[in-house]
Amino acid sequence: MKTRFVLIETSHAGNVGAAARAIKTMGFDDLVLVRPRWSNVLRKEETIQRASGALDVLANCRIVATVEEALDGMSHLCATAMTPRDFGPPARTPREHFALLLQGALAAQPGPDNLADDLADEAATAASDTAAANPSGETGVAFLFGCERYGMANEDVYRCNVALSIPTNPDFGSLNLASAVQVVAYDWRQALGGYGVSDVAARGDRADAQQVAGMLAHWQQALAEIGFLDLDAPKKLMPRLNQMFNRAQLSQEEIHILRGVAKAMLRTAEATKR
């Protein structure tokens, strides 16, 4: 599924770079700018610095004069607008809308007067036009973000299938542009399946039962030597240690460390006896 992020009349160069980085972290790379404040915004130092490794996204980024050009080939349009409009597409949270979209369950929702029917007709017309322009049938989803100073123009919101609203603190709901891009990109990636979390810590080879038993025997000897374990009345100390180390799923390297501790305890006990 094609995904495009469209920034309309962006006024801060740093937000362009930060948006490029935001979408790349979620596996997207299609960024289009509509009438940015700076014609050379893609080459500005602040843009490049804030992109921080997403220079390939900036290299592929296009600057266009109209929203229509930015949406070429896109079939499903998502506005991001904080301020409610008295007329326009339904407002949904990103997660709610993405679930409906991917389930194919989107339909006109009941609304005042004939608004729902009008929107359904407009959506059907838009889908037909897009299908003619995109004979491959591949769905293209575009996310539109307005200017930092005044958001999206009404006419740009009206052309969209939905107005995405990110749930925020009711007393302070203003999100930085790049932050909003990151949230939407994350939720969209999660809806598409997300990425697995990699455990980067080196665990080493798991110790087998014989190695654990040998280490415990070493510890039993050391604990007895320092007076912590009474071999005549051991109670359940060693079985409990056995259970604890089993839960820890020790690596071979960790076995070596624990044996080193036992060896040090025995050496200390021997020195004390002299």
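Buried means under 20% relative accessible area, exposed over 50% and partly exposed in between, with a 1.4 Å probe and protein chains only. The legends below concern a predicted model, in which local features need pLDDT of at least 70 and side-chain atom pairs count only at pLDDT 80 or more, while totals for chains, interfaces and linings use all residues. Residues are numbered from 1 along each chain as its sequence is written, and side-chain values use heavy atoms, with hydrogens and water left out.

**View 1. The chain as a whole.** The chain holds 11 helices and seven strands, where helices (H or I, at least four residues) and strands (E, at least two) are DSSP runs numbered from the N terminus. Of its 274 residues, 38% count as buried. Among contacts with a separation of 6 or more, 82% come from residues 24 or more positions apart, a contact being heavy atoms within 4.5 Å.

View 2. A salt bridge is a side-chain nitrogen of Lys or Arg within 4 Å of a carboxyl oxygen of Asp or Glu, and a search of the whole structure finds seven. In one of them, the side chains of Arg 4 and Asp 30 meet at 2.9 Å, N to O. Arg 4 lies in strand E1 and Asp 30 in the loop between H1 and strand E2 (31-34), so this pair ties together parts that are 26 residues apart in sequence. Arg 4 is buried, its relative accessible area being 6%. Arg 35 forms a salt bridge with Glu 9, and their closest N and O atoms are 2.9 Å apart. Because Arg 35 belongs to the loop between E2 and helix H2 (45-51) and Glu 9 to the loop between E1 and H1, this pair too ties together parts 26 residues apart in sequence. Arg 35 is partly exposed at 38% relative accessible area, and Glu 9 is partly exposed at 21%.

**View 3. The salt bridge between Asp 56 and Lys 24.** The side chains of Asp 56 and Lys 24 meet in a salt bridge of 3.0 Å, N to O. The pair links distant parts of the chain, with Asp 56 in helix H3 (residues 55-60) and Lys 24 in helix H1, 32 residues apart. Both residues count as partly exposed, Asp 56 at 38% relative accessibility and Lys 24 at 35%.

**View 4. Helix H8 and its packing partners.** Helix H8 (residues 177-191) has 15 residues and reaches 21 Å from its first C-alpha to its last, close to the 21 Å expected at 1.5 Å a residue, the expected span being 1.5 Å times one less than the number of residues. Its buried residues include Val 181, Val 184, Asp 187, Trp 188 and Arg 189. The buried residues of H8 pack against E1, helix H1 (13-25), strand E4 (76-80), H5, strand E6 (140-145) and strand E7 (162-164).

View 5. In H10, Met 238, Leu 241 and Phe 245 are buried. They cover an arc of only 60° around the axis, which puts them on the same side of H10; the arc is that of the directions from the helix axis to the C-beta atoms. The buried residues of H10 pack against helix H9 (209-225) and helix H11 (252-273), whereas the face turned away from the buried side carries the exposed residues Arg 240 and Arg 247. H10 is followed by Gln 249, whose phi is positive, near 50°.
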